Each structure stands twice: as structure tokens, then as C-alpha cells.
Amino acid sequence: MIGIDFGTSNTVVTHRGLHGIELVRLDPLSEGLPTLLYVDHKHQIRIGHEARRAYGEAARNAGAGRAPFRLFQALKLALKDPGIVSTNLFGTQVRLEKIVAWYLAALREKIQSAVPGWDGAAIVGRPVELSPDAAVDRQLQSRFEEAFHLAGFTSVSFVFEPVAAAVELVGSVEGKVLVFDFGGGTLDVSAAELTQGGITVPVSVGRDLGGYLLDEDLARLRIQSHFGHGGRLKTLAGQNLEVPHEVTGQVVRFKVLPFEEIRRIKRLIPELIVEAVDKEKLRGLLSFLEKNLTYDLYQVLDEAKIRLSTESSALVAFSVPPHVELREKVTVPEFEAIIAPRVEEAQNLVLQALEKAGWTTDQVEHVIRVGGSSQVPAFVALLEGLFPGRLTAGNLFDGIALGLIPASERGLGVSSL
Ligand SMILES: Nc1ncnc2c1ncn2[C@@H]1O[C@H](COP(=O)(O)OP(=O)(O)OP(=O)(O)O)[C@@H](O)[C@H]1O
Ligand SMILES: [Mg+2]
């Protein structure tokens, strides 16, 4: 039995070792792995840090024209999107479950070499809400299950991610506890009652709000215009039009897999360049898409966002030579203005959890924040404001993985379909 926190950004695995629940080391560089999958036209598969390295090399060597590789990020968000069914990969249509299974099969091999004798069974974390519609939610959980089975896992059961994080706290806090799990893809909140050795979790709520959205917000406000967004077209018939948003939107979408749409848009851009007032920006966009640079831009933005958690400003520098060279300095007040609606959404979710639990803010004794995005100061300030003096940072990146097996053993897993 092992626990898998299959996160939007990071995958963390645990097992029961000599000293209780322990992290499984999946790579010499880190215990967990970035949730990244690289596939090339020869069907070589790399995951985690190795995928990132392979992408770096392939992107450097790629010429113009169709790139012979793909890098998939945020696979979990794609799998929980009922609108994403399959993708064309080097000329063949492949179902998404199968693509996710390639990632999971490579993960399974890494686990097998790190945990000899493992029986192939896994307790997997899932967001509280895959869909607000219960029937769709069940279907989506089946997609996750299918991907694990295709990957050779012998059995899979699920635990809500914030419930696992709450169980990990047993023994360290007592009373009415709120867990705020803010990761790359989702924000999940649980209201839990902890005693010295026990726990009940009466309420869990969640929604699609995570670090990816913050990165996309930043890109929409500060990056898109460098690639022709808002630019004008003068058509041969004399019309004055705006560059279509679906075209420039390609530089602000990191969480959706780059599917057929990108190929269609790549074909469209040369026609738009003829009519564009500012041709260089669209040439930059075309080159950006041809060279498959989405992940490069994502990394630069994500790093800048992370710097803004500790510094007063951050520089986003990115270029697609010779067409686009951008240097955007983003200050904390600017960033906070951009993400203000997200902070409000988070507040609404916290209040919804309290209402469902029948608790007032004053009754909550401890608020534990986990997940990488829970470090963004605007969200810390939100929680400090609601629960003054009662907020603590938990085990930010490992708390969920560490709680999965104990949560399942305590009967706190998601009941089977
Ligand atoms: N210091 C920081 N400040 C702001 N954001 C951060 C910081 N460190 C990490 N992040 C963000 O945290 C996110 C990853 O967090 P985490 O590993 O908890 O997510 P995940 O578990 O993979 O996703 P999910 O649980 O939503 O599926 C990324 O979006 C990353 O940009
Ligand atoms: Mg997570």
C-alpha cells in the first residue's frame, strides 16, 4: 500500500516504513516530482525532472515546423475537464486517460524500485470537487481510476486531499481545525474536529482555484499584449478589426493541453500577419507556438509569482528572438490588484465551509494552511484577518501525501462508486 498525492504541479508518494509513514524518494533531485510528462515522436517517455530536461534539450534543438515532441503539464486539470477527451499526438488520436497512464506507469516503475515488495495498490488524493454535478464528478473519478489501472496499479482508492492533510495533524493540534489546501490547481477546505488521537471531518469543500490561475491572470494582464493582444488588423477590404482573442489567448493558457486548436491557430496566424498593423508581435506568437515555448514562459511567470511572495517586485523577462523581447516589472501592489477577485473567491469558500459546519470564525481554534499557493501573502492576510493569531503553516508540500494512508485506515476515504 502506498499513498500518492497526484498534484497538478507536484506528485508526492508515501509508504509505511520503519518509522511510520515516510516519503518515497522518486528522484535524486527531490523526493517528489514535478507532474510533467514528455513524449517524443519515437515514443520515448520521461516524467518529472527528466521530462523538464528532455523538454529543454528538445526545445533548443527544434527547428521551425512541427515539433517532434510534446510536454504535458497540469495533466490532472485536463483529466478533470470533461471537455478534454483526446489529443492528436504525432498524427494519432490518443485518449487522455492513456496519456495520463503513461505518466503513472513511469511513476509506478519509480515506486517499484524505491519500495521493493510493493503490491501495486495505491491510496490516491483527489480534489473535493471534480465537478459540481455529482454524476459528472463520479464519471471524472472513474477517469482517474481508469488511468491508474491502465498504468498497471492493482487497486486504487481515493481520499479527499484536505482530509488527508487534516489527518496528518492528529497528535499535533486539537479542537476545531480548518485546513486550507491551496495548490496548483484547486483550493480545498476541510473543517475537522481533532481530539488527542482521533478525528472527524464533517465538511469538505473545494473549487477550481490554484497557482495556475494566478499565473494565467498575470500572463493575461502583463504578457499577452507583447504577442499582439489588442492589436489592429487592416483588411484588404478596408476594415479595421482587432486581432482575434482566441489567437493571442494561446500565450495565457497553461493548464489546458495544447491540442488541435494550436495547429489551427498556427495556420491562421500567417494570414493575420499580412493584415496586422504590428506584424512583429504576431510573428513572435507564431514562433512561440512553433517552438513549443509554452512551458518556458510558464516557468518564467511562475518563478516571478513565487518571488512576489517574499520580494516587493519581480521582473518577468522573456524573448522570442528576433521578434519579441519583453521585460515586465511587476510590483506586489500590482499583483495584488490582479488577483484580488481570487482572494475574494477564496474567502467565499472558507465562509461556505464554516457555514456548512455551523461554526463561527471565532469558534475555529486552528487554521492550518498547506499547498504551495498558500504562501501568497494576499491569501495569508485573508486568513489572518478572519482568524487572527490562529493561522499556522503546515507541512506545505508533503502534508497531503503523509496523511493519505492513515486517512484511509481511519475509514475517511471516499466511499466507492
Ligand atoms: N512561495 C510561493 N509563493 C507562491 N506560490 C507558490 C510558492 N511556492 C509554490 N507556489 C505555487 O504552488 C503551486 C504548487 O503547489 P502544490 O505542490 O501544493 O500544488 P499541487 O499539489 O501540485 O496542486 P493541486 O493540489 O492543486 O492539484 C504552484 O502553482 C506554485 O507556483
Ligand atoms: Mg495539492
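**One arginine, then strands and helices**

Author: Arg126 counts as buried, because 23 C-beta neighbours lie inside 10 Å and the cut-off for a buried residue is 20 or more. The model is a predicted one. Arg126 belongs to strand β10, which covers residues 121-126. Leaving aside residues up to four places away in sequence, the contacts of Arg126 are Gln141, Phe144, Phe158, Phe160, Glu161 and Val414.

Another strand, β19, can be described in more detail. It spans residues 366-370 and is mostly covered, with five of its five residues buried. The side chains divide by direction: His366, Ile368 and Val370 point one way from β19, while Val367 and Arg369 point the other way. Both sets are buried.

β19 has pairing partners. Strand β12 (residues 175-182) pairs with β19 in the parallel sense, over five bridges. In that pairing Leu178 stands opposite Val367. Strand β20 (residues 391-393) also pairs with β19 in the parallel sense, here over three bridges. Val367 takes part in this pairing as well, with Leu391 of β20 as its bridge partner. Between β19 and β20 the chain passes through helix α12 (residues 377-386), and this β-α-β crossover is right-handed.

An antiparallel pairing is found between strand β17 (residues 313-320) and strand β18 (residues 324-331), which are joined by eight bridges. Ala314 stands opposite Val330 of β18. With three residues between them, β17 and β18 form a hairpin.

Helix packing comes last. Two packed helices are described by the angle between their axes and the distance between the axes. For helix α6 (residues 211-222) and helix α11 (residues 332-357), the angle is about 130° and the axes are 10 Å apart. The two helices are therefore oblique to each other. Their crossing is right-handed. On the α6 side the contact is made by Leu213, Leu214, Asp217, Leu218 and Leu221, and on the α11 side by Phe335, Ile338, Ile339 and Arg342.

Conventions:
Residues are numbered from 1 along each chain as its sequence is written. Chains are lettered from A and ligands numbered from 1 in the order in which they are written. This is a predicted model: local features need pLDDT of at least 70, side-chain atom pairs count only at pLDDT 80 or more; totals for chains, interfaces and linings use all residues. A residue is buried if 20 or more other C-beta atoms lie within 10 Å of its own, exposed if 12 or fewer, and partly exposed in between; C-beta atoms are placed from the backbone. Helices (H or I, at least four residues) and strands (E, at least two) are DSSP runs, numbered from the N terminus. Two strands pair if DSSP finds at least two bridges between them. A crossover is right-handed if, with the strands pointing away from the viewer, the path from the first strand over the helix to the second runs clockwise. Axes are lines fitted to C-alpha atoms, for helices over the stretch in contact, and angles run from 0 to 180 degrees between N-to-C directions. Angles under 35 degrees count as roughly parallel, over 145 as roughly antiparallel, 65 to 115 as roughly perpendicular and the rest as oblique. A crossing is left-handed if the near helix is turned anticlockwise from the far one by less than a right angle, and right-handed if clockwise. Two residues are in contact if their C-beta atoms, placed from the backbone, lie within 7 Å.
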